Amino acid sequence: MTHAADPAARPTLSKTPSPRPRDPLRPDFVWGASTSSYQIEGAAREDGRGESVWDLFCRQPGRIQNGDTGDVACDHYHRYREDVALLRDLGVGAYRFSIAWPRVLPSGRGSPNEAGLAFYDRLVDGLLSAGIEPWVCLYHWDLPQALQEAGGWANRDCASWFADYARVVASRLGDRVKRFATFNEPSVFTLFGYAFGWHPPAADDAASHHAAIHHVNLAHGMAIDVLRDYVIGASLGAIHNMQPARPVQATPEDRAAARMLDCYWNRAFADPQMRGAYPDAIASRMAPFCRDGDLERIHRPADWLGINHYSPVYARADSASRLGFAWSDAPADAPRSPIGWQIDPAAFRDVLLDACDRYGLPIYVTENGAGAVELADASGAIDDRERIAYLAAYLEALEEATVLGADVRGYFVWSLLDNFEWGAGYANRFGIVRVDLTTQARTPKA
Ligand code: FCB
């Protein structure tokens, strides 16, 4: 690496960048857009799809803003042809989407659902004929409910069920799809689902949280082996959210809390998957679940690292916390996007540099983007100047990381469409294409 290891020695992102090569990005740099199954597909009860944990969670009163659900979402299941045409008109080279496990295996295991697999066949064929490379993520949080009832990720068997599911997808799509990711943001769904109670299964239990972390890691390693075996010419990775974990105040206590948040948020998955060991600070908590040979099964060779990045995260000390930190909002004076997320492009640049040093794999930015609460004018058009400014600043940071030596090979914007944004329902709009949720009309934003 050519950049200084000491973050303090890094330049500050300036408004007037210093002279640099005209295009610092590689000639084969991948430009793409990302979505996920539960957030856009809808058709929740069609063609044999089973229920996912999110279907049930959304029906619990008070869980999701405005009582929204993914039942219809962007109706992408029926409108995928139009969405592929939007991608083609945008000129992207790649599209990252996820497979809904319960659409393919309604009970999570057992006999595959032919209609579900046929949908992904049609989508992949449509993308390929539009000249767009499909990037498939196997898991973007929609666990089959039947598996949750069997213990979900707290049950070690879930790792083998996932490997079996990977085999079903790989043997069906692997002749045409070469880019596969195992999991999207495992630290988010384990921390929010098993420790904070904000996502399904809405648990707050130390043992099942640490068990879930380990079993997801095991599932990742087992699926990598399956994909290698079943997909000729596979290019494999996992997608991690990576953000600086900062103390909310510069006290020793908050700094210690931030180090623990860093372990759970940035390293509990990436370290064992790419370096073969849990971070020291959580190793003893993981030990009860870790059997002989597990770390070798988790640490399988990958081809690339997917990074999702939006904003830094913050911790504060809390003596009552069993994890060693409490989640905190960014300081009040931090610059924010219209939905209140901190804007800090230099943090993005530093994450890319640090991840490149620590893990040594080529990086694809698999999600980055800006949320807003936008209103359309009478013609349906959106003034998305704030999103444009956000994207410009973050792409400049990406270029700067590249100039400083980070091996970044692609960028996927989140998201193609305004979609179901988990707890925020449809209130936060991340699309570069507006979706009118009443008519389902799509209108590209500026
Ligand atoms: C990420 C999720 C993605 C989307 C964005 C805004 O954490 O992976 O599904 O909700 O945040």
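1. A polar contact here is a pair of N or O atoms within 3.5 Å; within protein, one atom must be able to donate a hydrogen and the other to accept it, and residues adjacent in sequence count only if both atoms are side-chain atoms. In that sense, the side chain of Gln243 reaches the backbone oxygen of Ser311 at 3.0 Å.

2. The model is predicted, with local features needing pLDDT of at least 70 and side-chain atom pairs counting only at pLDDT 80 or more, while totals for chains, interfaces and linings use all residues. Residues are numbered from 1 along each chain as its sequence is written, and side-chain values use heavy atoms, with hydrogens and water left out.

3. Gln243 belongs to the loop between strand S5 (235-241) and strand S6 (245-247), strands being DSSP runs (E, at least two residues) numbered from the N terminus. Because its relative accessibility is 8%, Gln243 counts as buried, a class that means under 20% relative accessible area with a 1.4 Å probe and protein chains only.

4. An N or O atom in the side chain of Glu185 is 2.6 Å from an oxygen atom of the ligand, the corresponding distance for His140 is 2.8 Å, and a polar side-chain atom of Glu367 lies 3.0 Å from a ligand oxygen atom.

Key:
Helices (H or I, at least four residues) and strands (E, at least two) are DSSP runs, numbered from the N terminus. Buried means under 20% relative accessible area, exposed over 50%, partly exposed in between (1.4 Å probe, protein chains only).
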